[in-house]
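Take a look at the structure below. We will walk through it one place at a time.

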Amino acid sequence: MDYIRPFDPATGLPSVDAAWTNGDPGTGTEGSIPPAEFYHAVLSELCHVIDYYLGDGSWQSGQNGADNTQIRQAIQAASAQFTMTLAVDGELQIPGGWIMKWGTLVSVAQNQTAHSIVFPTAFPNACFGVYPTLHGVVVGGSIAPLLISMDRFGAQVAGDHDTGTRTGDILWTAIGW
């Protein structure tokens, strides 16, 4: 959709420099005059959204002149394509197949011991990456979270601490499809 410029009241032509303005009868300032292409562009865009989400995608397949709630319905239909489990261990499915999962391993040893993450549901095709982060660890020495291995079902991670037997949480995020 292009930016449609208002008509210049003096010339009746679209103005390159004019901004959309309100009129002011007290000063004799005329308000912007929207050109027909403005209405056409906006309505066309809205109708395409309605047809895509409430119809079969072809022109006028979802439009109903008696229903003034169709944009709301189309937005609801579009947002329904995203599925999300909001919890400490959760998941977001994005249209097109991308999936993001997250969770926490609670009070695990941060001493290079491998800990298993088992995804609540496996990625249908592949897991591209698991990103562990340490949380709640008393710092003293070098700490770096490690990803040991991963597949579509889960991962092995460790909190690598050069000394001691500290404990803490490992927060993780995984991305796949």
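Start with histidine 115, which is buried, at a relative accessible area of 14%. Buried means under 20% relative accessible area, exposed means over 50%, and partly exposed lies in between, using a 1.4 Å probe and protein chains only. Histidine 115 sits in strand S4, residues 115-118. Strands (E, at least two residues) and helices (H or I, at least four) are DSSP runs, numbered from the N terminus. What does histidine 115 touch, leaving out residues up to four places away in sequence? The list is Leu105, Val108, Ala109, Ala155, Gln156, Val157, Ala158 and Ile170. Contact here means heavy atoms within 4.5 Å.

A word on the model itself. It is predicted: local features need pLDDT of at least 70, side-chain atom pairs count only at pLDDT 80 or more, and totals for chains, interfaces and linings use all residues. Residues are numbered from 1 along each chain as its sequence is written, and side-chain values use heavy atoms, with hydrogens and water left out.

Now turn to strand S3, residues 99-109, and find methionine 100 there. Its relative accessibility is 30%, so methionine 100 counts as partly exposed. Methionine 100 touches Gly90, Glu91, Leu92, Thr173, Ala174 and Ile175, not counting residues up to four places away in sequence. The C-alpha atoms of methionine 100 and methionine 84 are 9.4 Å apart in space, and the two residues are 16 apart in sequence.

Strand S8 covers residues 167-176 and holds glycine 168. Is glycine 168 buried or exposed? Glycine 168 counts as buried, because its relative accessibility is 5%. Now find alanine 74. It is 94 residues from glycine 168 in sequence and 45 Å from it in space, C-alpha to C-alpha.

Alanine 74 belongs to helix H2, where it takes part in a helix contact. The partners are helix H1 (residues 36-54) and helix H2 (residues 70-79), which pack at an angle of about 50° with their axes 9 Å apart. The axes are lines fitted to C-alpha atoms, for helices over the stretch in contact, and angles run from 0 to 180 degrees between N-to-C directions. H1 and H2 are therefore oblique to each other. Angles under 35 degrees count as roughly parallel, over 145 as roughly antiparallel, 65 to 115 as roughly perpendicular, and the rest as oblique.

Which residues meet? From H1 come Leu46, Val49, Ile50, Tyr53 and Leu54. From H2 come Gln70, Ile71, Gln73, Ala74, Ala77 and Ala78. The residues of this contact divide into 9 nonpolar, 2 polar and no charged. Ala, Val, Leu, Ile, Met, Phe, Trp, Tyr, Cys and Pro count as nonpolar, Asp, Glu, Lys and Arg as charged, and the others, Gly among them, as polar.

The loop between H1 and H2 contains glutamine 60. Most residues other than glycine have a negative phi. Glutamine 60 has a positive value, near 70°.

Next, go to the segment before H1 and find glutamate 30. Glutamate 30 counts as exposed, because its relative accessibility is 51%. Glutamate 30 touches Pro9, Thr21 and Gly23, not counting residues up to four places away in sequence. Its C-alpha atom is 6.9 Å from that of proline 9, 21 residues away along the chain.

Finish with the cysteines. Cysteine 47 is buried at 17% relative accessible area, and cysteine 127 is buried at 12%. How many disulfides are there? The count is 0, where a disulfide is a pair of cysteine sulfur atoms within 2.5 Å.
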